[in-house]
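Subject: Structure handover

Hello,

Here is the structure for your files. My notes on what was found in it follow below.

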Amino acid sequence: MTLLTVLLQAAGSASLGSLGAALGIGLAAIGAGYGIGKIGSSAMESIARQPESAPDIRMNMIIAAALIEGVALFAVVVCGFILQ
């Protein structure tokens with residue numbers, strides 16, 4: 001809902017930079033969702049194959065997901081500053 005509002009605000013203005021920033025926010029959110037989904041699916045497959053290494057896999061999965069979330073948050077903040 002928030003992304004739709006941002007896109008509509010950007011489309012209403014004549015600035016091409018605002019539209020680019022709004023698309024950047026959307027791509028950052030979609031990319032982060034895809035990346036974390038891929039990490040989760042690979043981790044579940046790995047745990048199913050080797051259940052004894054589940055704690056190590058889980059810890060690495062959480063660290064990788066946190067790094068992806070950090071990059072996505074940084075991208076959203078930068079694009080938000082461009083919108084203003």
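Among contacts in the protein between residues at least 6 apart in sequence, what percentage join residues at least 24 apart? The figure is 59%, where a contact means heavy atoms within 4.5 Å.

Some ground rules. This is a predicted model, in which local features need pLDDT of at least 70 and side-chain atom pairs count only at pLDDT 80 or more, while totals for chains, interfaces and linings use all residues. Residues are numbered from 1 along each chain as its sequence is written, and side-chain values use heavy atoms, with hydrogens and water left out.

Confidence. The mean pLDDT (the predictor's confidence in each residue, from 0 to 100) is 86 for the protein, and 85% of the residues score at least 70.

Overall make-up. The protein has three helices and zero strands, in the order α-α-α along the sequence. Helices (H or I, at least four residues) and strands (E, at least two) are DSSP runs, numbered from the N terminus. Of the 84 residues, 26% count as buried; buried means under 20% relative accessible area, exposed over 50%, and partly exposed in between (1.4 Å probe, protein chains only). The exposed surface comes to about 5900 Å², with carbon and sulfur atoms supplying 72% of it. Accessible areas come from the Shrake-Rupley method with a 1.4 Å probe, and for residues only the protein chains shown count as cover.

Helix H3. Residues 54-83 form this helix of 30 residues, which reaches 43 Å from its first C-alpha to its last, close to the 44 Å expected at 1.5 Å a residue. That expected span is 1.5 Å times one less than the number of residues. The buried residues of H3 are Ala54, Ile57, Met61, Ala65, Ala72 and Cys79, and they pack against helix H2 (16-49). Val71 also lies in H3, but is exposed, at 58% relative accessible area. Between Val71 and Ala28 there are 8.5 Å, C-alpha to C-alpha, although the two are 43 residues apart in sequence.

Leu23 is in helix H2 and is partly exposed, with a relative accessible area of 47%. Ser15 is found in the loop between H1 and H2 and is also partly exposed, at 36% relative accessibility. The C-alpha atoms of Ser15 and Leu83 are separated by 9.5 Å, with the two residues 68 apart along the chain.

Regards
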